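This briefing concerns the pairing of charged side chains in the structure shown below. The definition of the pairing comes before the individual cases.

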Amino acid sequence: MSGLLGRPVRAVNAGVELFAGEVERQGAEVTRVEWRPPAGAEEALERLAGRAEETAAANDRAVAAMQAAEPRVVGIGRAGDLVPDLDERTLLHAGPPIGWTDMCGPLRGAIIGAAVHEGIAADPDDAVRLAERGGLRFAPCHDHGAVGPMAGVVSASMPVWLVENGDRGNRAVCTLNEGLGRVLRYGAYDVQVLDRLAWMRDVLARVLAAALARLPEPLDLRAMIAQALQMGDEGHNRNRAGTSLLLRALLPALLTVDEPTADVVAAAQFISGNDHFFLNLAMAAGKATADAAAGTAGASIVTAMARNGTEFGIRLAGTGDRWFTGPAGVVDGLYLPGFGPEDANRDIGDSTITETIGIGGMAMAAAPAIVRFVGGSPEDAVAATLAMYDITWAESAAYQLPALGFRGTPLGIDCREVVHTGVLPTVNTGIAHKDPGVGQVGAGLVEPPMEAFVAATRALAGSAERMEAAPISSRAPGGGDA
Amino acid sequence: MTASRVEVRRGTYHDSVTLMQVSRQAEELPGVEAAAAVAATPVNLELLARQGFTVNAGELGPSDLVLCVRAADEEAAARALEQVEALLAGAGRGPGSGAGSGSGQLAAPRSLRAAARRDPDLNLAVLSVPGRHLHYEVAGALQAGLHVFCFSDGLDPATEAARKRDAARRGLLLMGPDCGTAIIDGVGLGFANAVPRGPVGIVGASGTGIQEVTCLLDAAGAGISHAIGVGGRDLSPEVGGIMTLRALVLLAADDATERLVIISKPPDPRVARLVADAAAATGKPAVLAFPGLGDPPPLPDGVSFAASLEAAAAWAAGGGSVPSGGAVDSRSRPDPPAVTPGAIRGLFCGGTLCYEAMAVVARVVGRVASNIPLRSEWRLADPHRSEGHTFVDFGDDALTEGRAHPMIDPGLRNERLRREAADPETGVVLLDVVLGYGAHPDPAGELAPLIEGALAEGAGGLSVVVSLCGAAGDPQGLDGQAAALRAAGALVTRSSAAAARLALAAAGLGKGRP
C-alpha cells in the first residue's frame with residue numbers, strides 16, 4: 001500500500017474544524033481545506049464521482065493529446081481557401097454563436113469593416129442594412145478551425161496563418177495581427193483600417209509567405225512559446241519576447257526573399273512595431289493544440305474558452321461541439337490614459353485559447369512585467385499561477401515556468417474542479433472600447449462566468465450516462481449473439 | 001483656470017502596465033483632472049491628442065517617456081508631476097489594479113485533491129463534509145492517492161461498495177463513510193481516546209465499539225497498534241466487508257500487531273463468515289466481537305468469538321484468552337447499589353455502547369425497546385417516548401439530523417434525562433459518558449448538576465449509572481471526570497456491560513453482578 005501504517009500521519013482536513021484541531025493536538029501535521037459547497041451542478045458532480053476512474057482515463061487521453069501537440073507554421077494563405085465553408089458572404093467571429101442583434105459595438109464594427117473590406121457592402125451603412133436583413137452569415141471561428149483575437153472577424157480574402165499539429169495533422173488558422181489602436185479587431189473600420197487590411201492582404205502576407213517558404217523547416221511554435229515564457233511573456237497579454245523570437249527566426253529569410261525591398265522593409269517595420277504580432281500565432285498554436293483533445297469521450301477537460309463581447313462560451317473534450325455560455329464579464333483592469341471602466345466593452349475574443357492550453361493568465365508567474373494585473377508583486381503572479389494547478393488536470397511538459405523551478409504550466413482545465421472548488425481560470429486580456437473603432441482602452445483580468453462551467457458539468461454527467469446506456473439499446477434491434 | 005504640463009524623458013523605459021498603473025494613481029491625486037505616463041508610440045501620442053495634450057512628436061519613439069498632467073492650477077500640476085516621478089521611481093510595488101488579492105499569498109486549497117497536489121507528502125484525508133457532497137470528495141481523495149477517514153455519512157451502500165473497491169484497488173484505506181473512530185500510528189481520528197501503543201490491532205465497523213475496547217484495554221494496561229475504522233455498514237451484505245478484509249491484510253503484515261480484535265454490530269451472516277476466514281488467514285490470533293444477541297459464525301482455528309466488547313477486550317488484554325470473570329477493570333466494580341425498582345432507561349451517545357448494554361439487560365428482562373432495537377419487533381414507536389425498559393441511541397441519524405453529535409452537543413440527551421427522572425416508572429437511568437479527542441471538553445461537568453437534579457427529583461426512587469468510556473491519557477482527565485460524576489451521586493463504571501449489570505442490580509432485576 002502507499003503507506004499509512006508505520007508512516008507518520010500527514011492529514012488533510014475537509015469539514016469540521018474540531019477534527020483538524022484534535023489531530024494537531026496529538027502532534028500530527030494537518031493541512032486544512034477551505035471547504036465550501038460547489039458552485040452548482042451538485043447532482044452532476046455526484047454522478048460524475050461514480051465515474052471518476054473512467055473520467056480520469058479520458059482526461060489522461062485528452063491531456064496527452066495536448067501534450068503531444070506540435071503546432072508548426074505551415075504557411076500563410078487566404079482564409080477562403082483554407083477554411084472550410086467560408087464563402088464570400090460568411091464572416092467568422094470570436095466566441096460562441098451570436099446574431100447581429102445581440103452583437104456588441106466592437107463586434108458590429110468589425111463585421112461592418114470586414115463586409116466593406118470584402119466588397120460585399122458598398123459602405124458601412126450598406127453593411128449594417130445587409131446585416132440587419134440577414135444578408136450576411138455569421139459563425140464562430142471555433143466552428144471552422146479558426147481563432148480570432150478580440151472581435152475575431154475573419155472574412156474570405158483575409159490572410160491567415162496556417163498552423164498544423166505535427167503528425168496528427170489537425171490544422172488551425174488565425175488572422176495576422178494588425179497592431180494596436182484603431183484596428184478592425186477592436187471594431188474600427190475607417191479608411192486607415194481598411195487600407196491597412198488591404199496592405200496586409202496584398203503585401204505583408206505575400207512577403208511573410210515568401211519568407212516562410214525559405215525557412216529550412218516549418219516554424220516550431222511550441223518551442224517558440226516555451227522560450228517566450230522563459231523570457232517574460234505569458235503568451236496572451238505580453239508577447240514581446242515571442243514577437244522578437246519570430247522576427248529573429250524570419251530575419252535571414254526576409255533578407256533573401258525575392259520581393260521588393262520596400263515591401264520587405266515595411267513588413268519588418270510593421271512586425272517590429274507591434275508587440276502583439278506573435279499573439280495570433282500563439283492563438284493558432286493554442287487552437288491546434290486544444291483541438292487535438294476535442295471529442296475525447298467522457299473527458300472533463302476544457303478545449304475552448306471564447307467570448308464574443310456578449311457571452312463567454314466554453315467547450316469540453318467530452319461534449320463535442322456544444323457551447324456552454326454565460327454573460328461575458330467586465331474586465332477588472334488598468335486603463336490607458338483618458339479611459340475608464342465606463343468605456344469598457346464586455347470581455348471579447350478567442351485569445352482565451354491561450355489559457356485553454358495553459359499559458360496566458362494561467363502562466364502569470366512567467367511574466368513579471370505585467371504582474372500588476374494580479375495584484376502588484378511577482379509573488380502575486382506566482383500565487384495566481386499556483387492557484388491554477390488546483391483546477392487543472394496536469395502540468396505542461398512543453399511550457400515551463402522559471403519562477404516555479406521550471407515546473408510545467410497548469411494544463412487542462414477540469415470543469416468539474418472549477419465547479420467543485422469555485423476557483424475560475426485566471427484570464428488576462430485586453431479591454432476593447434464599447435464603441436466600435438475606438439480600440440484598446442486597457443488590459444486586466446476577467447472572470448469567466450461560473451454558469452458556463454456548471455452547465456458543462458451537467459452536460460458531461462448526462463452524456464456519460466447516455467454512453468453507458470448506449471450498448472444496451474444498440475443490442476436491442478439485431479438480437480445478436482450476446 | 002486649468003494648467004497643463006507635458007514633459008518628455010528620452011530613453012526612459014517602463015513597462016506599459018506600470019505606466020497604466022502610475023497614470024491611474026496620478027489621476028486620483030487632488031486637483032488632477034487628467035494624467036498620463038506613456039511610452040511615445042504613435043498610438044499613445046494619438047490617445048494623448050484625444051485628451052487634449054499636445055506633444056511635439058518630433059523624434060520621439062517607443063523608448064521615450066511622455067508625462068502629461070492637467071490640473072486645477074500650476075501648483076497642482078507641478079505637484080502631480082513630482083508624484084508621477086516618485087511613483088515611477090518606486091513602481092516596483094504598491095497597490096495593484098484592484099484585481100487579485102495583492103497579498104502574494106496562495107489561498108488555502110478548496111479541495112482535497114488540490115491540497116494533495118500542493119503537498120505530495122499528505123497521506124490521509126479527514127472528511128466531515130455534508131453527506132450530499134460526500135461522494136465527489138471521497139472519489140477525489142482516493143484519486144489523489146489519499147487514505148480517507150470519513151466521518152460523514154451519506155453514500156448509499158452500492159456507492160460505498162464501489163468506492164471501497166476503488167480504494168482497495170489503489171491500495172488505500174477508505175475508513176467510512178459513517179466512521180466515528182480510528183487510531184492510526186498513534187494518532188486518533190474523529191472520536192478517539194489517548195491510549196498507549198501496544199500489540200492489539202483493531203478493525204471496527206463501530207466507532208464507540210473501538211473506543212470501548214481501546215479504553216478497556218487501557219484500563220487493563222494493554223495498548224494497541226492501530227485501530228482501523230471501516231464505517232458502520234462495512235459488514236452489510238451490500239458492502240460485503242471490503243474494508244474489513246483489506247484492513248486485516250494490512251494488520252497481518254504489520255509487525256507491531258500481534259493479535260486482532262474485529263468489532264461490529266451483528267453483521268450479515270455470510271459476511272461474518274468471510275471475515276472469520278480472513279481473520280484466520282492472518283495467522284494471528286483473532287477475536288470477533290459482535291455485541292448483540294446474534295449467534296457466532298462458524299469459527300476457523302485461531303479465531304474466537306466474544307458476545308460483548310468487554311469479553312473481547314478481556315481476551316485481547318489477556319494475550320488472546322478470556323480470563324475467568326470477564327471483567328478487565330477492578331475499578332469498574334463500585335459498591336452494590338441500593339435498589340430502586342422500576343424501568344431501566346438507557347440514554348446513550350454511542351450506538352455500540354447502547355447495543356452492548358442493551359444486550360446485557362435483554363438477556364435478563366427480555367424486551368428492551370429502542371430506536372436501534374436488538375430485535376425489529378422491539379422498535380420504539382417514538383424515539384422521544386419510552387416504553388418500559390427503553391434504550392435510546394442519541395447518535396442515531398434520525399436524532400442527529402441538523403445537529404451536532406451528542407458527544408459534542410448533549411442538549412437533547414440532557415433534556416431526556418430530566419424527563420426520565422420525572423417519570424415515576426423510571427427506576428434506573430443508564431448513561432454513557434465518552435471522553436477523548438473530539439468529545440465534549442468536560443462532559444462530567446455538564447452532566448453532574450443534571451444528575452444531582454435528577455436524583456433529587458427522583459427522591460430515593462432513582463439510580464443513575466454511568467458507563468465512563470475514557471482512557472487515562474484523555475484530555476478531559478479520566479479520574480477527575482469519574483470523581484465529578486460520583487460526587488453527583490452516579491454509580492460509575494468503565495465498561496458499558498458492567499454498567500448494564502449494575503443497572504440491573506440497582507433496579508432489583510436478575511443476578512445483577514456488577
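A salt bridge is a side-chain nitrogen of Lys or Arg within 4 Å of a carboxyl oxygen of Asp or Glu. Over all chains, the structure holds 53 salt bridges. This is a predicted model, in which local features need pLDDT of at least 70, side-chain atom pairs count only at pLDDT 80 or more, and totals for chains, interfaces and linings use all residues. Side-chain values use heavy atoms, with hydrogens and water left out, residues are numbered from 1 along each chain as its sequence is written, and chains are lettered from A in the order in which they are written.

**Between chains**
- A:E34 and B:R110 meet through their side chains in a salt bridge (3.9 Å, N to O).
- A:E34 lies in the loop between β2 (29–32) and α2 (42–49) of chain A, and B:R110 in the loop between α3 (74–89) and α4 (112–118) of chain B, so the pair joins two chains; helices (H or I, at least four residues) and strands (E, at least two) are DSSP runs, numbered from the N terminus.
- B:R110 is buried at 18% relative accessibility, whereas A:E34 is partly exposed at 38%; buried means under 20% relative accessible area, exposed over 50%, and partly exposed in between (1.4 Å probe, protein chains only).

**Within chain A**
- A salt bridge of 2.7 Å, N to O, pairs A:D190 with A:R182.
- A:D190 is partly exposed at 25% relative accessibility, and A:R182 is partly exposed at 26%.

**Within chain B**
- In the salt bridge of B:D423 with B:R345, the closest N and O atoms are 2.9 Å apart.
- This pair links distant parts of the chain, 78 residues apart: B:D423 is in the loop between α13 (411–422) and β17 (426–434), and B:R345 is in strand β14 (residues 343–348).
- B:R345 is buried, with a relative accessible area of 0%, while B:D423 is partly exposed at 24% relative accessibility.
- Salt bridges with shared partners join B:D153, B:E160, B:K164, B:R233 and B:D234 into one network.
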